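Dear colleague,

Here is the model we spoke about, with its sequence. My notes on it follow below.

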Number of protein chains: 2
Amino acid sequence: MEKIAEQKSFGGLHQRYRHVSETVHCEMVFAVYLPPAAKEGNACPVLYWLSGLTCTDENFMQKAGAHRMAAELGLIIVAPDTSPRGKEVPGDPDGAWDFGHGAGFYLNATQEPWRTHYQMHDYVVQELPTLIETKLPFSGRRGISGHSMGGHGALVAALRHPARYQSISAFAPISNPMQCPWGEKAFRRYLGNNRSSWRQWDACELMAQSSANKPGDRVPILIDQGEADNFLQEQLKPEALEQAAAKHGYPLTLRRQPGYDHSYYFIASFIDDHLRYHAACLGNAD
Amino acid sequence: MEKIAEQKSFGGLHQRYRHVSETVHCEMVFAVYLPPAAKEGNACPVLYWLSGLTCTDENFMQKAGAHRMAAELGLIIVAPDTSPRGKEVPGDPDGAWDFGHGAGFYLNATQEPWRTHYQMHDYVVQELPTLIETKLPFSGRRGISGHSMGGHGALVAALRHPARYQSISAFAPISNPMQCPWGEKAFRRYLGNNRSSWRQWDACELMAQSSANKPGDRVPILIDQGEADNFLQEQLKPEALEQAAAKHGYPLTLRRQPGYDHSYYFIASFIDDHLRYHAACLGNAD
């Protein structure tokens, strides 16, 4: 694990690290924001942020305007890349931007030629926390959030591993990937044609599977969705998640924000609310 | 003037416009942030932001995290591009990033082949305000700020036209361009070899020329400078500006910020202070 950049930001530190991942079998880069409290060695919770299609570790750190409030709340933020990368990692055969490099969909691929490298779920949920949390002043409490494909990734990670995450939120997540073009294209290639195997990677399906009898399995979810989002109807389908939550009694707050689109201007406009929500769940609120 | 993008941000609007400039003789793109107050038609002051080398109208809007406080304070922000662009606009003969496209230095070139297009000072100080302010709910009060090359541009614009700007600030400005490699390269090409003609484009020289007898000529300047900035010693030279201000009694607040570099993480960390400063000078403070 090699530090490749470090910059002071809001009294804390923005850092980038490179390491060779045993899970995705290539070199990976991720970013960390250390609030002043962590810089001084105080134990802080960690919020994992999963970005959307085409992003790297940099988009959120540069564009979300999250450092100010993370500094104030004492939240560490960790932002991984959105897929394995490199010459040895196969990408989209047609060079499309919605599959392959920058589009790992935070799942564990089972199909050739993807399965060697596209194990992003295990990378984000297991390898990266194991790698980084021992090196940080980590309080032991963990949240997860993300945008679009990364919103899907965050919901799936937390719904599959409810004991690992004490807070969940998302911005404009791909809520029902089995039933939208982005998700179907990715799942068919990464997971194969058997649609029943897709269900473990779809937030709506996982919500149905989560147990109301174990309180720890039902971490409340906060979602913001812009109503002027170009991808809302065809790709994101928040109404499917809303219906699944209602049907299965899952605690979900879905806020529709009039006039906002799919961009980082939308994320920046509401990131403070999400950071406060995570800090409150994670025990580091004001 | 054609609107090419519009996105909601913090209750206001981020917009991008394209127009054919009569001053720089090519198509130009600029960005505007309209706070909610302006969206609702209330007269607001305008802050012009000039970006640094290699930037476009987008860097500040995406990375500075300025919309939140501008929305709160009711400040309109206008961010022009950093140079003329296009196939018809000559760039650096060697393809360097510190001259030509993305590096107009906010001056009026006198030399061939640059002088037809590189009239960025007149574009920023005259044409753009004339174009945009009549279309905005503009209060009549104007501020200017910028980063690095754009900090130089902001200081020079305001020192040359003190009646036009009621507030001035800068982040890590090129403070004494006549005496640094970036400035000398640009000035030699844009302005020719006669160094005496360079003096009207150097903030230290202009500070000496400003008159203490006309209070309106001496708008106080706020500058933040990171102490871990890689360009500090060779290119930025804030001490020269500090000496000029002290010698000529110019009101300057120069804050040295330990540990901060030249990036937008530095700008974001202190942009709220600058926006509050401008709003206070421009009469739209809390």
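Interface and two local sites

In this predicted model, 21 residues of chain B are in contact (heavy atoms within 4.5 Å) with 21 residues of chain A. The area buried between the two chains (accessible area, 1.4 Å probe, lost by two parts on being put together, summed over both) is about 1,900 Å², and carbon and sulfur atoms give 49% of that area. On the chain B side, Lys8(B), Gln62(B) and Tyr265(B) lose the most area to chain A, together 39% of what that side buries.

As conventions, residues are numbered from 1 along each chain as its sequence is written, with chains lettered from A and ligands numbered from 1 in the order in which they are written. Since local features need pLDDT of at least 70, side-chain atom pairs count only at pLDDT 80 or more, while totals for chains, interfaces and linings use all residues, and side-chain values use heavy atoms, with hydrogens and water left out.

Between chain B and chain A there are 13 residue pairs in polar contact, both residues at pLDDT 80 or more. A polar contact is a pair of N or O atoms within 3.5 Å; within protein, one must be able to donate a hydrogen and the other to accept it, and residues adjacent in sequence count only if both atoms are side-chain atoms. The side of chain B that touches chain A draws at least two residues from each of strand S1 (2–9), helix H2 (58–63), helix H3 (67–73) and helix H10 (264–282); helices (H or I, at least four residues) and strands (E, at least two) are DSSP runs, numbered from the N terminus. H10(B) supplies the largest share, five residues.

H10(B) has a kink of about 50 degrees centred on Phe270(B), the bend being the angle between axes fitted to the seven residues ending there and the seven starting there. Ser263(B) caps the N-terminal end of H10(B), with a side-chain oxygen 3.1 Å from the backbone nitrogen of Tyr265(B). Just after the helix, Gly283(B) takes a positive phi of about 80 degrees.

The other site is Gln225(B), in strand S8 (residues 221–226) of chain B. Gln225(B) is buried, at 1% relative accessible area, and its side chain makes a polar contact of 3.2 Å with that of Asp229(B). Beyond its neighbours within four places in sequence, Gln225(B) has contacts including Arg255(B), Arg256(B) and Phe266(B).

Regards

Notes. Buried < 20%, exposed > 50% of the residue type's maximum accessible area, 1.4 Å probe, protein only.
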